[in-house]
Amino acid sequence: MGPPKLEFPCDYALKVVGDAADDFGEAVARVVEQFDPTFDASTIELVASRNGRYLSARLSIRATGEEQIKSLFEALKATGRVHMVV
């Protein structure tokens, strides 16, 4: 039995982890907005790691399909600033 299938459209939560920088949230928002035009950047929650070296941007998008999610993950990683997307 595999992971549960998502029914689209749906709200889809993401956590994007990268090196701590003042503009990390803005950089993530610029990429996300390309894949979800309804995304509101003010909803991003930034959480610093215990040692302050990393930031995680927690957000939710309106997902329309698996291809959109896959492309978004690839675009975030392609920025060179993102270490992990979950």
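Student: Is lysine 5 buried or exposed?

Tutor: This is a predicted model, in which local features need pLDDT of at least 70 and side-chain atom pairs count only at pLDDT 80 or more, while totals for chains, interfaces and linings use all residues. Residues are numbered from 1 along each chain as its sequence is written, and side-chain values use heavy atoms, with hydrogens and water left out. Buried means under 20% relative accessible area, exposed over 50%, and partly exposed in between (1.4 Å probe, protein chains only). Lysine 5 has a relative accessible area of 69%, so the word for lysine 5 is exposed.

Student: Which residue does lysine 5 meet in a salt bridge?

Tutor: A salt bridge is a side-chain nitrogen of Lys or Arg within 4 Å of a carboxyl oxygen of Asp or Glu. For lysine 5 the N to O distance is 3.7 Å, and the partner is glutamate 66.

Student: How many residues apart in sequence are the parts that this pair ties together?

Tutor: Helices (H or I, at least four residues) and strands (E, at least two) are DSSP runs, numbered from the N terminus. Lysine 5 lies in the segment before strand E1 (10-19) and glutamate 66 in helix H2 (residues 66-78), so the parts tied together are apart in sequence by 61 residues.

Student: Which residue forms a salt bridge with arginine 62?

Tutor: Arginine 62 is partly exposed, at a relative accessible area of 35%. The closest N and O atoms of the pair are 3.1 Å apart, and the partner of arginine 62 is aspartate 11.

Student: Where in the chain are arginine 62 and aspartate 11?

Tutor: The two residues are 51 apart, and their pair links distant parts of the chain. Arginine 62 is in strand E3 (residues 54-63), and aspartate 11 is in strand E1.

Student: What is the N to O distance between arginine 81 and aspartate 23?

Tutor: Arginine 81 counts as partly exposed at 26% relative accessibility, and aspartate 23 counts as partly exposed at 32%. Their side chains meet in a salt bridge, with an N to O distance of 2.7 Å.

Student: How many salt bridges does the count come to?

Tutor: Side chains of opposite charge can pair when their charged atoms come close. Among the pairs counted here are lysine 5 with glutamate 66 and arginine 81 with aspartate 23. The count comes to 4.

Student: What pattern does the chain follow along the sequence?

Tutor: The chain has 2 helices and 4 strands. Read along the sequence, their pattern is β-α-β-β-α-β.
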